[in-house]
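Dear colleague,

Here is the structure that I promised to hand over, and below it you will find my notes on what turned up. Please read them with the model open beside you.

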Amino acid sequence: MGTRKTPDRVPAEARGGNDGYGVLTLAGVPIGQAQDAPARLAEALASADVVAAEDTRRVRQLAAALNVRLSGRVVSYYDVIEVRRAAELVTELQAGRDVLVVTDAGMPAISDPGYRLVAAAAAAGIRITALPGPSAVTTALALSGLPTDRFCFEGFPPRKAGERARRFSELAADPRTQVLFESPRRVAETLAELRASHGGDRAAVVCRELTKTHEEIVRGSLDELTAWAAGQEASGGVRGEITLVVAGIGQAAVRAAARAAAREARRAQRHGGG
């Protein structure tokens, strides 16, 4: 099958009498502070005919923080209603209304709603564009200190134990740096499972609350990070948005560097506390 180029405007004979299709825009929103938002996001929020938001309360809070008045209709667009809402939004676009899609944080369609709408809009010949914004995936990868030339993004690990074990077993043999999302409630368990599949000396990094007030980057081996998470559990658990970055197989130099960095961090902590 050849590639298909989506036109800026669908020819009149294909529009069924409409003046023209609207534009679907995927907008990345800050993963932390609202002030990280680009100026184009404020403009898009103010001008969109329809704002499809993962959480309508969150997008209103973001608009208020950016001193933006939402002039268009705001509708919810989250995973449970994604299929039904995608069809409704395509209808809005075919009627000539511009639709802006935003999630709670990061980029739509990346472990967040958006993929189905993009696929449906593309099939209908609707113009699709993006306002690129911050992503926890690339931010955590850049901050990790692990190799960035080749990496894979795994999203949230499967919930079922058997599926998780199979996925982690596959990743254990992957030479690429691995980026995963995880719930703070499950991060201790996930780190323990990664240690079992990848080996305790595999280098990894826990990125918590990226770009927010309580941002924390914890580096070490999976042995060390599993112990760290267990200690956090004893004092109330890990809190906030979590992104895990794990070294690929064969990155011995990376593991050595991570251990050295962890030792230096502990030494500095003792010096600072003493």
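Phe-181 has Thr-243 in S10 as its bridge partner, and five bridges join S7 to S10, which run antiparallel; strands here are DSSP runs (E, at least two residues) and helices likewise (H or I, at least four), numbered from the N terminus, and two strands pair if DSSP finds at least two bridges between them. Please note that this is a predicted model, in which local features need pLDDT of at least 70 and side-chain atom pairs count only at pLDDT 80 or more, while totals for chains, interfaces and linings use all residues. Residues are numbered from 1 along each chain as its sequence is written, and side-chain values use heavy atoms, without hydrogens and water.

The open sheet is formed by five strands in the order S6-S7-S10-S8-S9, with mixed pairing, and its edge strands, S6 (151–155) and S9 (216–221), each pair on one side only. Helix H6 (residues 161–172) packs on this sheet and touches S6 and S7, where contact means heavy atoms within 4.5 Å. Helix H8 (residues 222–234) also packs on the sheet, touching S8 (203–208), S9 and S10.

The lining of the largest pocket divides into 15 nonpolar residues (Ala, Val, Leu, Ile, Met, Phe, Trp, Tyr, Cys and Pro), 14 charged (Asp, Glu, Lys and Arg) and six polar (the others, Gly among them). A pocket is an open set of points on a 1 Å grid over the protein atoms alone, where a 1.4 Å probe fits, with protein on both sides within 12 Å along at least five of seven lines, and lining residues have an atom within 4 Å of a point.

With best wishes

Technical notes: Axes fitted to C-alpha atoms, helices over the stretch in contact; angles between N-to-C directions.
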